Amino acid sequence: MRSEAEMYNLFIDIANADNRILAVYMNGSRTNKNVPKDIFQDYDIVFVVKETEVFISDKDWIKKFGNILYMQYPDESVENPGDKENFYGWLMQFDDGNRIDLHVETVIHAKENILCDRLCRILLDKENILPAIPEPTDKDYHVKKPSEAQFRECINEFWWCSNNLAKGLWREEMPYVQDMANFVVRKQLEKMLSWKAGIITGFSVSTGKSAKYLYKWIGKEEYQEYLDTYFGGSTEEAWEAVFKMCNLFNSATEYVAAGLGYTYNGQEGKAAETFLKHVRNLPKDAKEVL
């Protein structure tokens, strides 16, 4: 597997050998000092160019980066086509294990957008066309203190959508239950736990995509409780996980309420849990819900 130094040299060498490439910058996890380094980190590289079309039409130029196992052209999407004239990308997995998310970008587009991403580092600027940018920081991704309205909205969304888990489990519609649990209800739990992490750290950290870094900020036992809320295809396992989600959400909400001076009386949650318990025991031939 090519080393980080080898990869950086490769990007610079390719850029220096091509007068159509005016600058190179990098963003993503490799510019974030708070992200643990590992072998799966990709290289998010942008070549600033005079025009994109000459690179898009050349089917062979990306072979300069190595032997590609497989790849994706995100800007060729039928449903979400990109702005090819200004920004175009290739996502490439190489046979040595490295991955590059490569983009070419026009000078105008770069000047208009580079300062919008605070996780950027300029690797090369042949003609000083790019503005000076500050040291990379993930500050834009830090957990933000919620307003009381946002806090209450999160609570309501969690408990209201638990109703959907109840009916989905009673019907034994596990694909629906999985989607509702992981893409709706869990997102509120992630949010509440992230706010807890924010309080613990003075809102100075990021919990990462899908709150994957929560383990750094909440206790080991609590994080294990969170992992235990994931479930497989068994309805009984799912019911147990749902009630674990409820317990964890309640405790995290109480913590956040106390930490931010917000009110949380818990009545909505108690009513929702009562409903969940009732539906769990509701016979399959029931003629009425209540």
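This is a predicted model: local features need pLDDT of at least 70, side-chain atom pairs count only at pLDDT 80 or more; totals for chains, interfaces and linings use all residues.

**Entry 1, the loop between H5 and H6.** I began with Ala 211, which at 5% relative accessibility counts as buried (buried means under 20% relative accessible area, exposed over 50%, and partly exposed in between, with a 1.4 Å probe and protein chains only). Ala 211 lies in the loop between H5 and H6, where helices (H or I, at least four residues) and strands (E, at least two) are DSSP runs numbered from the N terminus. Its phi is near 55°, a positive value in a residue other than glycine. Ser 210 is found in the loop between helix H5 (174–201) and H6, and although it is not a glycine, its phi is positive too, at about 60°. Ser 210 is partly exposed, since its relative accessible area is 44%. I noted for context that most residues other than glycine have a negative phi.

Residues are numbered from 1 along each chain as its sequence is written, and side-chain values use heavy atoms, with hydrogens and water left out.

I then looked up Glu 222, whose place is in helix H6 (residues 220–227). Is Glu 222 buried or exposed? With a relative accessible area of 13%, Glu 222 is buried. Not counting residues up to four places away in sequence, Glu 222 touches Leu 193, Lys 196, Leu 248 and Ser 251, contact meaning heavy atoms within 4.5 Å.

Ser 234 caps the N-terminal end of H7, with a side-chain oxygen 3.3 Å from the backbone nitrogen of Glu 236. After H7 comes Gly 261, whose phi is positive, near 75°. Within H7 I picked out Phe 249, which counts as buried at 0% relative accessibility. Leaving aside neighbours within four places in sequence, Phe 249 is in contact with Cys 154, Ile 155, Phe 158, Trp 159, Gln 188, Leu 189 and Met 192. Phe 249 and Met 192 are 57 residues apart in sequence, yet 7.2 Å apart in space, C-alpha to C-alpha.

H4 has 24 residues and reaches 36 Å from its first C-alpha to its last, close to the 34 Å expected. Its buried residues include Cys 154, Ile 155, Phe 158 and Trp 159, and what covers the buried residues of H4 includes H5, H7 and H8. H4 (residues 148–171) and H8 (residues 267–280) pack at an angle of about 5° with their axes 9 Å apart; axes are lines fitted to C-alpha atoms, for helices over the stretch in contact, and angles run from 0 to 180 degrees between N-to-C directions. H4 and H8 are therefore roughly parallel to each other (angles under 35 degrees count as roughly parallel). The residues that meet include Ile 155, Trp 159 and Trp 170 in H4, and Ala 272, Phe 275 and Val 279 in H8. By class, the contact of H4 with H8 has 8 nonpolar, 4 polar and 2 charged residues, where Ala, Val, Leu, Ile, Met, Phe, Trp, Tyr, Cys and Pro count as nonpolar, Asp, Glu, Lys and Arg as charged, and the others, Gly among them, as polar. H4 is followed by Glu 172, whose phi is positive, near 60°.

The buried residues of H1 are Met 7, Leu 10, Phe 11, Ile 12, Ile 14 and Ala 15, and they pack against strands S1 (21–27), S2 (43–49), S5 (99–106) and S6 (120–125). Asn 9, placed in H1 (residues 4–16), is partly exposed, with a relative accessible area of 46%.

Terms used. A polar contact is a pair of N or O atoms within 3.5 Å; within protein, one must be able to donate a hydrogen and the other to accept it, and residues adjacent in sequence count only if both atoms are side-chain atoms. Angles under 35 degrees count as roughly parallel, over 145 as roughly antiparallel, 65 to 115 as roughly perpendicular and the rest as oblique. The expected span of a helix is 1.5 Å times one less than its number of residues.
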